[in-house]
Amino acid sequence: DPAALVRDVAIKDHVAQQAGVHPHTVRPGDHSAISSAQPLTRWPLTVTSDEAETVVHSTGEPTLELGPVIEFWDRYFGLGRWPVEDLYYGLIRRFVRRVHLVDPEAHEAVRGQSLLYLGNHQVGVESLLFSILASGLNQVSTVTVAKAEHQQSWLGQLIAHCFSYPGAADPRVITFFDREDKGSLPRIIAELAAEMTGPGKSVMVHVEGTRALAARTPVVKMSGAFLDMAIYVRSPVVPIRFVGALPVEPLQRRLEYPVDLGQLDVWIGRPIPAEVLAARPYKERKEYVVSAINALGPPVEEEVPLPGDRAMEQRALAWSAQTGATPPHAVLLEILQRSEAPTPAIARLAQGVIDGHLALEDTPEDRWLGELARRLYGPRGPSIVS
């Protein structure tokens, strides 16, 4: 059908220009399109045609389409709708703008394999969000390696609480190592290698181990220990770069969320076969991967933060000051209050803010909800009535 061909070409060209991708990666739909180079971004559009021309118009801002991620985790947990979805998918929708695949075909070729992701580090929450997203995209559960002190952080405790939900099997999206214990990291590497070769597990490592304080901070150094692991288990190495979450001027403290409650982009590079790394001398091997990380996305020296949401930040800070909830928990409550279709439990939690109290039944699910509410409400916030 010549008319359908013209329509598809017009859509591909339009979305390619908007998204900055090659037209051949664009898959047209009836009222939207998705690019395999940005597989979780949907571009809404309309098409009008007459005998003279075909015109494509965008009908709104692109939106995050989490279908593949949600399907993967639905199969994993088998719980149906449950409140942890509202937390994790809410965080992703709020703080992740786009996920970019530099080479969609190469990524498709390794789908279902254990991968080693190596990247930079901008803000605290990106570790969890990447594990959730990468698991769905590659169809293999992904664990991020983090320092032991983060186990007692608000995020480490939130993750532990989430997977204590009745009936949930902990997928271990974060694993912790103790920098003071020389045997800790080798022990974890051995455990991860066994999982990667056995049931299948992908691993994410922030190669410099700590969060940057400013944008335009390239990766400079990395340990070769994880590359040795990848070569040993014959796992492809995938460079990762997080972009857009930090200001140009250095901060005084490391951030949990993107600056001004903005967003970040995730760039996923071309998988590097283990044998390609094995063929290089040890020092060159590390330099090769570091260069691949820094080459992703916009030029390092041109990076700027993505737009923030100062109004949301002020609301969260006001709630924190009023109730004693920590600022990260206050932000999470802001996100949950604005869920478009929350689970019943999260709808009750949000309503508790309006009512000034949350009534709980004596069930495992409500006891779990009560503990979450205590963190988000703060000691001087709405009362929790059992």
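Mentor: Axes here are lines fitted to C-alpha atoms, for helices over the stretch in contact, and angles run from 0 to 180 degrees between N-to-C directions. Helices (H or I, at least four residues) and strands (E, at least two) are DSSP runs, numbered from the N terminus. The model is predicted, so local features need pLDDT of at least 70, side-chain atom pairs count only at pLDDT 80 or more, and totals for chains, interfaces and linings use all residues. Residues are numbered from 1 along each chain as its sequence is written, and side-chain values use heavy atoms, with hydrogens and water left out.

Trainee: How many helices and strands does the protein have?

Mentor: The protein has 14 helices and 14 strands. Its C-alpha trace spans about 65 × 65 × 45 Å along the principal axes.

Trainee: What makes the radius of gyration agree with that of a compact globule?

Mentor: The radius is taken over C-alpha atoms, and the globule rule is 2.2 Å times the number of residues to the power 0.38. For 386 residues the rule gives a value near 21 Å, and the protein has 22 Å, which agrees.

Trainee: Why are α11 and α12 called oblique?

Mentor: Angles under 35 degrees count as roughly parallel, over 145 as roughly antiparallel, 65 to 115 as roughly perpendicular and the rest as oblique. Helix α11 (residues 310–323) packs against helix α12 (residues 327–337) at about 120°, with the axes 8 Å apart. The pair is therefore oblique.

Trainee: Which residues of α11 and α12 meet?

Mentor: With contact meaning heavy atoms within 4.5 Å, Met312, Arg315, Ala316, Leu317, Trp319 and Ser320 of α11 meet Pro327, Ala330, Val331, Leu333, Glu334 and Ile335 of α12. Nine of these residues are nonpolar, one is polar and two are charged. In this scheme Ala, Val, Leu, Ile, Met, Phe, Trp, Tyr, Cys and Pro count as nonpolar, Asp, Glu, Lys and Arg as charged, and the others, Gly among them, as polar.

Trainee: What is the angle between α13 and α14?

Mentor: Helix α13 (residues 344–355) and helix α14 (residues 364–377) pack at about 40°, with axes 11 Å apart. That angle makes α13 oblique to α14. Their contact involves Ala345, Ile346, Arg348, Leu349, Gly352 and Val353 of α13, with Asp366, Leu369, Leu372, Ala373, Leu376 and Tyr377 of α14.

Trainee: Why is α6 called roughly antiparallel to α14?

Mentor: Helix α6 (residues 154–162) packs on α14 at about 165°, with the axes 11 Å apart. This angle makes α6 roughly antiparallel to α14. Gln157, Leu158, His161 and Cys162 of α6 touch Trp368, Glu371, Leu372 and Arg375 of α14. This contact divides into four nonpolar, two polar and two charged residues.

Trainee: What makes β6 and β9 the edges of their sheet?

Mentor: Two strands pair if DSSP finds at least two bridges between them. Seven strands form an open sheet of mixed pairing, in the order β6-β12-β11-β7-β10-β8-β9. β6 (96–101) and β9 (174–177) each have a single partner strand, so one side of each lacks a neighbour in the sheet. From one strand to the next, the twist averages 25°.

Trainee: How many bridges join β8 to β10?

Mentor: Four bridges join β8 (residues 142–147) to β10 (residues 202–206), and the two run parallel. Val143 has Val203 in β10 as its bridge partner.

Trainee: Which helix lies across β7 and β11?

Mentor: Helix α10 (residues 282–294) lies across β7 (116–119) and β11 (237–243), at about 40° to β11.
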